[in-house]
Amino acid sequence: MAVDDDTFEQLLDSVRRYVRERLIPAESQVEEGNDIPEDIVHEMADMGLFGLSIPEEFGGIGLTTLQESRLVEALCYASVSFRSLIGTNVGIGIQGIVMDGTDAQKARYLPALARGDMIASFALTEPDIGSDAAHLKTTARRDGSDFVLNGTKRYITNAVRAGVFTVFARTDPDRDGGDGVSAFLLPAETPGITVAKPDRKLGQRGTKTSDVILDDVRLPESAIIGGPGNLNRGFRTAMKVLDRGRLHVASIAVGTAQRMLDLATDYAMQRHQFGQPIAQHQLVQALLAESQAELLAARHLVRATAQEYDTKGQAILMASSSKYFASEMAFRVADRALQVHGGAGYMAEYPIERLFRDARLLRIYEGTSQIQQIIIARRMIKEYQDRA
């Protein structure tokens, strides 16, 4: 059952206040310490933010896709690093369980994930396998009723915090592409797992990504998402999860773009050159106007996509289009906003410098812009052929 509109609007207002009163003032602390303070972690858990998309029957809030999109946009008015803390519990880390998990798997994991007592990670990417995920090399060799996993996963968000991993491994080496891949739920305390130290990154400090090394990790066949009957069907789960995940990233892009545009507008009103605010100069106005038009277009596309997903249960073409357009839009806004600041924008004392670096990743994760272009074009061709 969806959250009613009045209740959702109250939650949205609470998040907006929390962003402005608590998270934005803590951004410098996160940047300098490269971590999110534990008191903020607990506060976000108490607000129910770890369980936004988990059904109410398992202790979550159970937002619709559109409601989740609007709330993520509001949350990402602050540094997107705060969103990354809950992001895998709201998105790719748990959606495989919600969509395809057995009743036992849902009962075991979802309540703890909704409370924030446990954090989930999504382990698909590998050192040599990113966008070409159908050809992953991590293996899961059957041994009786168990599977033994070996391989390395790379850039795994929240790996150092994870209590459970959704791990994708090849269970049938004789099948090419995604047909021989299964999805496993791997408890973090399982012997044979090594989580490497967190990566150093260009931006989004406070987020934690790491390599995860699997060395003869043994799991029962009941750990396959959906149970043994879903053997070799994990790639389908991955694609469904990433479809919704792309919409999530598009919502992030809209939220951070709004923050950057507001900062640029405020600076343009306060900064004087040639005897007047630079907001009165037409070429500065052009930078602001272009950003505003693109931001409005992205917001409406993202919300239309969310409605499509809620109505039909998928939105492959629109989700890729939203992720592509919104992430590219956000970086164009970042570039223009820094340009409006002039030399000051290049200095770390102004938040636009950090937001500019943070925005760059949006064009890469959950499928690069180039991968989205391929998905969009292929889907267009398919839909055209279906109509013919």
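Helices (H or I, at least four residues) and strands (E, at least two) are DSSP runs, numbered from the N terminus. Residues are numbered from 1 along each chain as its sequence is written, and the structure on screen is a predicted model, in which local features need pLDDT of at least 70 and side-chain atom pairs count only at pLDDT 80 or more, while totals for chains, interfaces and linings use all residues. Side-chain values use heavy atoms, with hydrogens and water left out.

**Stop one: residues 121–217**

Select residues 121–217, where UniProt, in an unreviewed entry, places the feature "domain: Acyl-CoA oxidase/dehydrogenase middle"; UniProt positions are given in the numbering used here, feature names are shortened, and annotations may be inferred rather than shown by experiment. This stretch is 47% strand and 0% helix, and its end C-alpha atoms are 17 Å apart.

Within this stretch, pick A140, which lies in strand 2 (residues 139–143). A140 has a relative accessible area of 2% and is buried, where buried means under 20% relative accessible area, exposed over 50%, and partly exposed in between (1.4 Å probe, protein chains only). Leaving aside residues up to four places away in sequence, A140 touches F147, V148, L149, A169, R170, T171 and F184, contact meaning heavy atoms within 4.5 Å. From A140 to A183 the sequence separation is 43 residues, and the C-alpha atoms are 10.0 Å apart in space.

Now move to T138, in the loop between strand 1 (120–123) and strand 2. T138 counts as buried, at 1% relative accessibility, and its side chain is joined to that of E126 by a polar contact of 2.7 Å. A polar contact is a pair of N or O atoms within 3.5 Å; within protein, one must be able to donate a hydrogen and the other to accept it, and residues adjacent in sequence count only if both atoms are side-chain atoms. Residues up to four places away in sequence not being counted, the residues that T138 touches include N150, G151, F168 and L214.

**Stop two: Q67**

Select Q67 next, in helix 4 (residues 65–75). Q67 is buried, with a relative accessible area of 8%, and its side chain reaches the backbone nitrogen of T64 at 3.0 Å. If residues up to four places away in sequence are not counted, Q67 touches V3, D4, D5 and F8.

**Stop three: residues 232–380**

For residues 232–380, UniProt lists "domain: Acyl-CoA dehydrogenase/oxidase C-terminal", again from an unreviewed entry. The span is 78% helix and 3% strand, with end C-alpha atoms that lie 28 Å apart.

Here, show helix 10 (residues 316–341) together with helix 12 (residues 369–387), whose axes come within 9 Å and cross at roughly 150°; axes are lines fitted to C-alpha atoms, for helices over the stretch in contact, and angles run from 0 to 180 degrees between N-to-C directions. The residues making the contact include I316, L317 and Y324 of helix 10 and I375, I376 and M380 of helix 12.

Finish on helix 11 (residues 351–360), which is largely enclosed by the rest of the structure because seven of its ten residues are buried. To display these buried residues, select I352, E353, R354, L355, R357, D358 and A359. Which helices do the buried residues of helix 11 pack against? They pack against helix 2 (27–33), helix 5 (80–90), helix 8 (234–270) and helix 10.
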